[in-house]
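Thanks for coming. I will go through one model today, starting with its domains and ending with its cores.

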Amino acid sequence: MTRSVLAAFVALLACTHGLTAQMAPGTRSVGMGGGGMVFATGVDAVEWNPANLAWGGGWNISLIELGVVGIGSGTTATDFLSIMEGDSDAASLIAALPSDGITLSLVAEGFAAAYGLDLLDDLPNGANTAPLAVGDPLPSVGIAIGPIAVRVRSRMRQNFTLSKELADLIGNGFDYARIQDYATGNTGWSSLSTSEITASYGMTIGSSLSLGIGGRYVMGHGMTQGQFFEPQVDLGCRKGDPTCDALVIQTGSVEARDGTGYALDLGASLELPLGFRVAASGTNVVQRMNWDEDQIIGYAARFTGDDFDDDLGLNLGIGDYLDRFDGDVIDPNSVSLAVFEAAQNFLEGSYFPQVFRAGLGWQRGGTTIEATGIKVAPRGRYRSAWDERVSVGLEQRLPILTLRGGYGFAENGITQMTGGAGLRLGPVHLDGSVGKFSGERLDAAPWDGYFGTLGLQIPVGGQ
Amino acid sequence: MLIAAVALLATGCQQTDQQLPFELAEGEGATLSIGPTGGIVSVPPSFSLDFPAGSLPGATPVSAKPLISGPFPRDAGVPVPSTAFAVGPVGTTLGEPARVEIAVDPALLESGEDILLQVAVRRATGEVSTYESTYDITNGVLVAEVDELGPMAAVVSADAIAIALNAPPELTGGTFPPPAPPSLVGPAPAPGTLAFQAACSPQDRPCFRSGLIRLWADNVVRERMGDELFLVDPTVSLILDFVTFDGSGLPTEVVGSLSIGGDLRARFNSTVSGYELEDGVTTGPGANPSPTSVVVSGSVLTFGQTTTSSGEVEFNEEVPFTILDIGTTAMMIAEFDAEVEFENNDGSLTFGYITAHIRLRVPES
């Protein structure tokens with residue numbers, strides 16, 4: 001029971017604090033292997049290429065945008081849960097983990113997903129506990145009217161790494177005879193929650209060239225970073241002795257709660273003969289992001305070997321564990337070194353990187369084929385391992401159905417295979433896409449992950 | 001032209017990194033009032049002192065700042081650069097120990113020094129005390145619990161005995177020298193007895209420099225604590241006073257005591273931590289040494305009755321020995337085992353042993 005609760009706790013950490021990742025929105029693009037930039041229209045064009053707004057016409061409303069991406073390395077999602085639950089095969093699964101442990105990344109796209117995770121992210125003493133309070137993610141909606149579009153987008157990104165030794169401690173329980181083996185290594189987490197309001201405009205120059213520009217206002221709802229410190233060992237402490245702890249693991253984390261920023265996007269699109277089109281866009285070409293330095297919250301928590309000892313049957317609940325995190329606005333004259341260490345490099349690179357895309361597409365009748373290459377600038381750590389990639393996608397429109405498929409290959413060995421479908425019910429378009437991450441890595445554990453998106457749009461007129 | 005403009009815009013308007021507003025100016029410190037409910041005083045990025053509730057009886061202005069007015073004493077070891085802090089009020093004793101964390105950059109340490117790191121505090125009396133410390137190798141943080149305020153530093157202990165992992169050499173016995181003649185001057189042994197003594201400690205005569213002791217670990221200790229072991233700040237006191245002899249000059253009765261202690265330090269994966277080693281034995285049935293029989297057989301002394309430091313009475317305790325002639329006097333090497341207890345999941349204990357070879361000399365008259 002204790003182990004189950006711990007598994008849930010760690011899963012909660014994994015879900016609430018993790019990664020810095022980025023997934024361009026849109027069920028269409030996701031279904032096309034992460035491409036779909038060349039012929040993105042309406043509200044989708046705001047993110048992919050504002051120049052495409054010039055070709056669209058009509059109007060388009062995006063009412064719902066949901067997406068979740070989860071990717072890890074070191075183990076599969078199923079095996080990870082078995083380890084965390086302490087299943088009968090946990091020991092063999094832990095033994096098979098790579099030496100650098102487990103990495104989990106999660107991105108939630110859209111108001112509902114981001115807000116749900118944001119609620120889970122609330123820690124005791126946090127200010128952000130009231131439902132739908134100021135500072136929470138905004139609804140993900142958008143409207144495009146001819147060449148002008150406005151889009152509101154909310155995202156939550158999370159990263160979590162777990163050392164093999166700590167997975168051992170959680171999965172197999174605390175063993176006094178193995179006290180010398182435990183280590184937290186690279187165990188830690190980070191997260192980011194933002195909402196963005198982007199206004200874009202596209203214009204044609206002549207009959208075949210269009211240019212686009214977008215301006216974005218970014219609201220940072222929260223950014224966290226934390227780490228586990230190496231265990232402190234007391235070999236002289238006896239089991240059940242309330243006056244000492246054989247194993248103590250300290251954690252420290254920091255959270256920034258108020259950030260603002262802006263960004264400028266640019267795009268260009270050129271129509272070619274025979275249904276071909278080439279396009280290029282730059283996202284965050286110019287951008288600024290600033291977090292309120294006077295409101296950095298520091299948290300510290302302490303866990304002991306008893307927390308991982310099934311024999312004691314403590315049956316602690318998740319709330320008991322979260323209650324351990326004691327936080328306050330950081331005063332440099334009164335901060336534990338654990339919190340300070342956890343804050344190292346917290347604000348450095350705490351902004352979105354510049355993203356440059358170029359693509360070639362062909363569209364004839366109901367068939368669209370696109371190839372897109374994406375390059376991410378090295379500065380700015382709000383990015384994911386799969387952002388920089390080459391994607392190829394196919395879209396086929398049928399009478400009431402649209403089918404999509406695609407493949408993407410990221411520079412670091414991640415591949416993504418995706419598929420999707422759209423259903424046109426009168427003026428309402430309901431689209432969904434799913435995909436799977438995989439990929440081998442040199443001298444490291446393979447990637448494994450899934451993602452899915454759901455969107456509801458009402459397009460009228462135009463392309 | 002457009003591309004050039006975009007490139008100029010993109011490179012010219014790059015985001016600059018924000019910095020955390022935590023770091024203080026060089027040499028700057030903090031003074032905070034800490035009350036009975038506890039609190040933290042810190043000097044980012046290198047030092048914090050966390051007082052639990054009950055540590056201080058009333059509101060106390062606790063100060064901490066980098067120690068730059070003078071060097072930290074080297075009594076307990078070599079201070080690591082930039083890790084010394086002046087903490088006051090000097091001499092304040094704490095009701096509950098305070099947790100001190102000192103950042104120690106691993107790059108400042110020579111190879112193998114991490115295992116010898118300790119937090120040292122200069123007490124109001126001027127004495128420098130070290131505390132059982134844990135060093136997080138991954139993050140470079142040294143942690144200890146201190147019971148008194150005063151200048152603090154991370155020090156690399158200069159008094160540490162490396163513990164060997166192979167089997168100790170066999171001792172070979174030898175011939176006992178004649179008992180001491182009657183003497184009227186000085187603290188010489190009583191007439192007709194033969195006394196051997198050895199003593200070292202960080203305060204008086206550091207064991208490392210004295211060369212009085214060599215140590216070996218058995219397989220249990222190695223399995224539980226790893227292959228890199230040191231006894232830091234060892235304290236050894238051993239007296240064997242042979243009081244009666246038979247016709248062939250072999251002792252038949254002995255009075256003596258042994259105490260051995262120190263911080264048994266090991267590298268546990270990515271953490272350096274310690275075990276407080278403390279063991280001892282006295283001859284006879286009680287805590288105070290009293291005469292017991294001794295039988296010499298080859299290279300082994302068999303003591304009739306001994307009492308361990310935990311009060312356990314044992315019979316026929318065997319002590320391997322070697323006696324060496326060194327000029328006008330003799331030196332004895334005696335072998336004793338210090339017990340190390342390891343907890344098991346079922347609440348039972350597993351015992352490991354540190355074998356010590358202690359070199360004893362006949363006190364000069």
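**Domains and cores**

In chain B, the C-alpha centres of domain 1 and domain 2 lie 34 Å apart. This is a predicted model, so local features need pLDDT of at least 70 and side-chain atom pairs count only at pLDDT 80 or more, while totals for chains, interfaces and linings use all residues. Residues are numbered from 1 along each chain as its sequence is written, and chains are lettered from A and ligands numbered from 1 in the order in which they are written.

The assignment for chain B gives domain 1 as 30-157 and domain 2 as 161-361; such bounds come from an automatic or database domain assignment.

How many residues of domain 1 of chain B are in contact with domain 2 of chain B? There are 14, and they meet 14 residues of domain 2 of chain B. Contact here means C-beta atoms, placed from the backbone, within 7 Å.

Now the cores. A nonpolar core is a set of buried Ala, Val, Leu, Ile, Met, Phe, Trp, Tyr and Cys residues joined through C-beta atoms within 7 Å. Buried means 20 or more other C-beta atoms within 10 Å of the residue's own, with C-beta atoms placed from the backbone.

The largest such core has 174 residues, and Val119(B), Ala334(B) and Ile358(B) touch the most other members. Domain 1 (30-157) and domain 2 (161-361) of chain B both contribute residues, so this core lies between them.

Leaving aside neighbours within four places in sequence, Ile358(B) contacts Ala198(B), Leu212(B), Ile213(B), Val236(B), Leu238(B), Ala334(B) and Phe336(B). Another core, of 15 residues, lies apart from the largest one and includes Met37(A) and Phe39(A).

How values were computed: A residue is buried if 20 or more other C-beta atoms lie within 10 Å of its own, exposed if 12 or fewer, and partly exposed in between; C-beta atoms are placed from the backbone. Two residues are in contact if their C-beta atoms, placed from the backbone, lie within 7 Å.
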